[in-house]
Amino acid sequence: MSHGVAVPVGPPAPAVPFPFRQFIVKVHGRCNLACRYCYLYAGPDHTWRDRPTAASAAVLERTATRIAEHARAHGPTDLSLVLHGGEPLLAGADTLARFTSLVRARVPGGTKVHATVQTNATLLTASRLATLADTGIRVGISLDGGLPGHNARRVDHAGRPSWPAASRGARLVADRFPASYAGILTVVDPTLDPVETYDSLLALRPPALDLLLPHGNWSVPPPHHDGQRYGDWLCAVFDRWWRAGRREARVRLFEACIALLLGRPAATEQLGLAPFETVVVETDGSIEQVDSLKSAYHGAAETGLDVFRHPFDEALRHPAVAARQAGADALATTCRACPVLHVCGGGQYAHRYRAGHGFVHPSVYCTDLQRFIRHVARRLTEEVPPPAASSAEGGPP
């Protein structure tokens, strides 16, 4: 059965591609949890089954060399290194620290490496956090909310709840290692009360929140996808955040939407037309696209490249990566004609997929995104005064 291709019909990507600035490295390929909705281990892609449980020292050494090579070629001042899995702490905090130090030692002197580990928090201890903090690795935590009931689907392989251990880990970071606390990532569940969910997450004192729409597409729609349910949920949380009177936590989706509406640049995979700048290294050294593509079909993230034989520049030339750097030219005709295109950007790439027809479609969340973006725009026009007229229009110089 044909799944279609990831390359849209339309003008080619720019002759000079945008270099990668975020490197997601799978230091461990398994997870100590068996979340009931996990698209990675329970979805259509099964490539993880044939890969090593953990990245070997050789894979990590070669990956560090390739990252440094890419940095020397393109001269970025900042790079993001995301230590990922599975559950990356299964590889050990010392392994994460050694690898991060290796990358920092090899990149050019003018390049700063911002390192983060994305964890389910169940394995966090004071000693592990001290190791991460000493190496300058920040901690991002994945949770479904700040209450036990919100996390009922996050269970271990024996079906036991993860919340007691995860909440202990989150509070340990907040209490003893606040400078290492990157924030909390939460997948939106429209069956949960939006304001209660947001307030419960704030109780864990994250400096930032990432609200992600669950992965789905036109062939396998997201759960509870009727009407504008996800859009309504986001609007309710936005109003709670907007009207707080102070910034209780950064919410990247909200800040990106505001910036884009005001004509400013913003980088997020969910919104905007910023070029795709992320690459993944799997435990066997394979170079892949982002994991979200694995929710579409088996092998969707593959490039056929690996760190032993190929530089990251070769991944930049991969047709699917080039398509994602083509901006509006890579989008469906209906998207290119949409008045909120510059903000929506077509939505997340994986959410545009339709089996047999590829990715040149609006997002399956199109109506939800329009609902949310227009709502934020209304809030801005209600509360932000118009800019002063320029001198060319007869205003003050």
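This is a predicted model: local features need pLDDT of at least 70, side-chain atom pairs count only at pLDDT 80 or more; totals for chains, interfaces and linings use all residues.
Residues are numbered from 1 along each chain as its sequence is written, and side-chain values use heavy atoms, with hydrogens and water left out.

**The whole chain.** Switch to cartoon view and you will find 13 helices and 10 strands, which are DSSP runs (helices H or I, at least four residues; strands E, at least two) numbered from the N terminus. The radius of gyration is 21 Å, close to the 21 Å that the globule rule gives for 397 residues, so the chain is as compact as a globular protein of that length. That radius is taken over C-alpha atoms, and the rule is 2.2 Å times the number of residues to the power 0.38. Now colour by burial: 52% of the 397 residues count as buried (under 20% relative accessible area, with exposed over 50% and partly exposed in between; 1.4 Å probe, protein chains only).

**Select 27–187.** The UniProt annotation "domain: Radical SAM core", from an unreviewed entry, covers these residues; positions are in the numbering used here, the feature name is shortened, and annotations may be inferred rather than shown by experiment. Over residues 27–187 the chain is 37% helix and 17% strand, and the end C-alpha atoms are 23 Å apart.

Most residues other than glycine have a negative phi, and most peptide bonds are trans.

- Zoom to glycine 86, in the loop between β2 (78–84) and α3 (93–106). The peptide bond that joins glycine 85 to glycine 86 is cis, with omega near 20°.
- Next, pick alanine 121, in the loop between β3 (112–119) and α4 (126–134). Its phi is positive, about 75°, although alanine 121 is not a glycine. Buried or exposed? Alanine 121 is buried, at 0% relative accessible area.
- Finish at arginine 205, in the loop between α6 (194–202) and β6 (208–212). Arginine 205 also has a positive phi, of about 60°, and counts as partly exposed at 46% relative accessibility.
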